[in-house]
Amino acid sequence: MNSSEATTVAIIGAGVSGLALATFLQQAGIACVVLERRNRTYIEVRQRAGVVDARAVRMFQQWGLADQLLAGPVAQTIDYRVNGRSHVFEASAEDGIHSRFCTQQMLVNNLLREFLDVRGGDARWEVTNLAIHNEAGGQPHVTYTDSTGSHELRCDYLIGCDADKGVSRSSIPAGVLTTYSHEFGYAWLAALVEAPVVGNPIMGISDHGFIGQLPRGPQRSRYYLQCALSDGPADWPDERIWDEIRLRLHDST
């Protein structure tokens, strides 16, 4: 073991939840360390779906971090289409509360900048061989390897923010872990499309199913198409994807 150290909170995973928690802890004066198996560049450029919802906006406002974390050049106009009929919605000030539209990818980059560059937070990148040790009666700690050798990090609290396939979940004993699921009766097809972005982001409802279109730069969009639970990639060749996009948007182009 090359080093052994201690912190108050160890956080596994440098995604939205891990970085947000780390920023909150640091603002509250609580020491923490973030452990991530990828490097910072990967986290910055990895494509992420979704936007920050109203509850999250209020949470960041309560922490006094909304201006730092939700800022960026993102359009606040969305085109809602119902069977082809367009209803353009533009976020604006209402009841003295400033509305915001921020993608998860922008939030991640803002969190990285705020936690690391502005506040001098502690994140360890390209961590491998990470193991969680949480024996009854003992102090939680993790062991891991990085480019400088093998390390032990003791902590008072250990938080797993590395999603359902990460080491945190797999380390929870079967008799302790409780999982919850809900079946909606349909699935989503996500397609990253190389095509010039024209107009505003679109959320569409039609008799043929839901469709969402979110720009990922000037020449790329991610489309979301409602589909059957039994569908797989082979059921959706490129021609069908384009046909369904046109059909659900009532757009012949």
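Trainee: Hi! Where does Leu177 lie?

Mentor: Leu177 sits in the loop between α6 (167–170) and β9 (187–194). Helices (H or I, at least four residues) and strands (E, at least two) are DSSP runs, numbered from the N terminus. Keep in mind that this is a predicted model, where local features need pLDDT of at least 70, side-chain atom pairs count only at pLDDT 80 or more, and totals for chains, interfaces and linings use all residues. Residues are numbered from 1 along each chain as its sequence is written, and side-chain values use heavy atoms, with hydrogens and water left out.

Trainee: Got it. Which residues make the nonpolar surface patch?

Mentor: Ile172, Val176 and Leu177 make that patch, with an area of about 230 Å². Accessible areas come from the Shrake-Rupley method with a 1.4 Å probe, and for residues only the protein chains shown count as cover. Like charges are joined within 9 Å, and nonpolar side chains (Val, Leu, Ile, Met, Phe, Trp, Tyr) within 5 Å.

Trainee: And what is the relative accessible area of Leu177?

Mentor: For Leu177 the value is 33%, so this residue is partly exposed. Buried means under 20%, exposed over 50%, and partly exposed in between (1.4 Å probe, protein chains only).

Trainee: New topic! What is the strand order in the sheet with β9?

Mentor: That open sheet of 6 strands runs β4-β3-β10-β11-β12-β9, with mixed pairing. Two strands pair if DSSP finds at least two bridges between them.

Trainee: In which sense do β3 and β4 pair?

Mentor: Strand β3 (residues 77–82) and strand β4 (residues 85–90) are antiparallel, with 6 bridges. Tyr80 stands opposite His87 in β4, and Val82 has Arg85 as its bridge partner there. Their hairpin has 2 residues between the strands, and Asn83 takes a positive phi near 50° in it.

Trainee: How many bridges does β3 make with β10?

Mentor: There are 4, and β3 pairs with β10 (residues 202–206) in the parallel sense. One of the pairs there is Asp79 with Ile202.

Trainee: Last one: what about the sheet with β1, what's its order?

Mentor: This open sheet of 6 strands goes β5-β2-β1-β8-β7-β6, again with mixed pairing. Its edge strands are β5 (123–124) and β6 (128–133), each pairing on one side only.

Conventions:
Patch = residues over 30% accessible without salt bridge, like charges linked within 9 Å, V, L, I, M, F, W, Y side chains within 5 Å. Salt bridge = Lys/Arg side-chain N within 4 Å of Asp/Glu carboxyl O.
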